[in-house]
Amino acid sequence: MVKIILKDIPDFDKIDVYEKHGGFSALKKVLKDMKPDDVIETVKKSNLRGRGGACFPTGLKWSFMPKGNEKPKYLLCNGDESEPGSFKDREIFEKNPFQFIEGSIIAAYAMGCKAIYCYIRGEYWKWINIMEESVAKAYEKGHLGNNIYGSGFSVDMYIYKGAGAYICGEESALMNSLEGKRGYPRVKPPFPAAVGAWGMPTTINNIETLANVPEIINNGPEWFASIGEPKHPGTLLFGISGHVNKPGVYELPTGIPLMEVIDKYAGGVLGGKPIKMVIPGGSSMPPLTREECLTMKMDNESLKAVGSAIGTAGVMVMDEDTDILDVLIRITKFYYHESCGQCTPCREGCGWMLRVLKRIKEGLGRHEDLDLLISVAENIEGNTICALGDAAAWPVKWTIRKFRPDFEKYIKEGEVVLTNPNKVHALRNSPEYNLNTDTSEYKEVEVRIGKTREEVDELRY
Amino acid sequence: MFENIKNHLFDDKELKVVENHLKKFPSKKSATLPVLWMMQEKYGYISEEAMEYIGQLLEVPSDHVLGVVTFYTMYFRKPTGKIHMQVCTNVSCMLRGGYDIYHYLSDKLKIKNKEKTSDGMFSIEEVECLGSCGTAPMLQVNNQEFYENLSVEKMDGLLEELKNKYGNLEYAKY
């Protein structure tokens, strides 16, 4: 099986070992023999797609950067990696930091960037330290800094530590965070290639994307394009978690059958139970049912056909005893917590969805609640500045569509609940209610009566 | 640099580090996050006074610093316990018992989310995904080390281990 990033070479994270196995040869080749445009052409030809979730062609993204040097240009490396279920970048920092550093220097050369900023989430304390050391070593050996290898090209690389905000993985929020502000996403256009960090042309790439670049230069774009699915070539770092025997990160070619990933590499489902649901690419991606899993191939085009997407290839496996409602409540709680609060549909909608889902879980759900949830989700989707709104809406919308009976079993036929509206309202708006899973206090003010909706309506009038 | 400021919260060595941070970016404001990190590592949390001071260092309004501190979840506005345990309960951890760990700690130490024990030793926080899904369930201590592949049985031992390791931890006082 071809490995591009996580190679089976001991101590590959040491710079000497990396250099001995051909490390930095791609950078030397690029600086010596290739013009910046040739590099962009090569990456375009390889059909490398961004690994951060949107699958945007990397070469095309690079070609959007303006030519010339009137303004300083910046390359940002996105190591925020906060999507639940995704834990691949830390594997790169730990096992192959120099290939990523080399890839980002090549990218900086191709676009004429003055500086590289590598944004890593604040929780990755250990991996930030590793990267600080690795960058220092690359400076020592002359791979970074002024006039690299006497080519006249200079670039600096800095590590920037985040401070715990999911939204900073969004490219324009990351730029705001780098500028020392609150991590609010910006309205687009203007796009980062025109007005980015500090108002200058900027490109943002995922860590995994950049780590692929040296091997594309070394082995040629045709070699890369021939791996895996032609429309989405290369390998992916699959992060497998949840109910499997051997969770972890596995580098596998795109287009590999999902069941092979789970059974052969992740050691099968815990206790040999049947699968109930699989989330294929981090918690924001629409889930797959057991039947869909059986035939699914893991690349963006195949997943799109069933309404999902590859995302960050963080595969979460759930066995048949999993309560889908619990999972959806937890996912929605996450997006409610992480919404930055700029756009009303996302800020308010996530809270609404969370409260309705909790109501269903408590046995106080109404029949119209499921459709209400889908309606709220659809009104968030596409109506926000950034994709967090979509990320919150998709799991709700698609999980209810695909697993409706699992929700309906919580809603008892014909039962109606009367409440003390003022008290419930006050409670629901308290921060404790929104953030705590324990809602016993809330239950006390709900009064259940054994009458149907029609009977209650008659009583009211 | 910084001659006009009285009552420094950083010593000369730390001010050198701040100068280094300032060199990395085209604007002084960009150093807000790194300088806040330095402040928190030294004092354990970020006080009003510290925000004022950082505002002076970076020539930004202290309200801007307050805005940043309140946006990011990893900055603390009041002191935590010496051992601040951040337990992940997001989906991957939840599937493998993240809530069991959280509730076990909460019951054993008799503290709720973001509270600390009366002796100031332990505090717990329920946090979102920390990127450790393959080694779930897990917790992080003091924004730093990860403790992975946990189980309820291992928790008593872990608490002892943490007590030995961080029991004497002292932050500087404002």
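Student: Which domains does the domain assignment of chain B give?

Tutor: This is a predicted model, in which local features need pLDDT of at least 70 and side-chain atom pairs count only at pLDDT 80 or more, while totals for chains, interfaces and linings use all residues. Residues are numbered from 1 along each chain as its sequence is written, chains are lettered from A in the order in which they are written, and side-chain values use heavy atoms, with hydrogens and water left out. The bounds come from an automatic or database domain assignment, and the centres of the two domains of chain B, taken over C-alpha atoms, are separated by 29 Å. For chain B the assignment gives domain 1 (12-71) and domain 2 (83-166).

Student: How many residues does the contact take from domain 1 of chain A and from domain 2 of chain A?

Tutor: Chain A is divided into domain 1 (15-225), domain 2 (228-319), domain 3 (324-408) and domain 4 (425-460), and the C-alpha centres of domain 1 and domain 2 of chain A lie 27 Å apart. With contact meaning heavy atoms within 4.5 Å, the count is 18 residues from domain 1 of chain A and 24 residues from domain 2 of chain A.

Student: Is helix α8 of chain A mostly covered or mostly uncovered, and what covers its buried residues?

Tutor: Helices are DSSP runs (H or I, at least four residues) and strands are DSSP runs (E, at least two), numbered from the N terminus, and a residue is buried at under 20% relative accessible area (1.4 Å probe, protein chains only). Helix α8 (residues 171-178) of chain A is mostly covered, since seven of its eight residues are buried, among them A:Leu174 and A:Met175. What covers these buried residues includes, from chain A, β1 (74-79), β2 (115-120), β3 (156-161) and β4 (202-206), together with α2 (32-43) of chain B.

Notes: Buried < 20%, exposed > 50% of the residue type's maximum accessible area, 1.4 Å probe, protein only.
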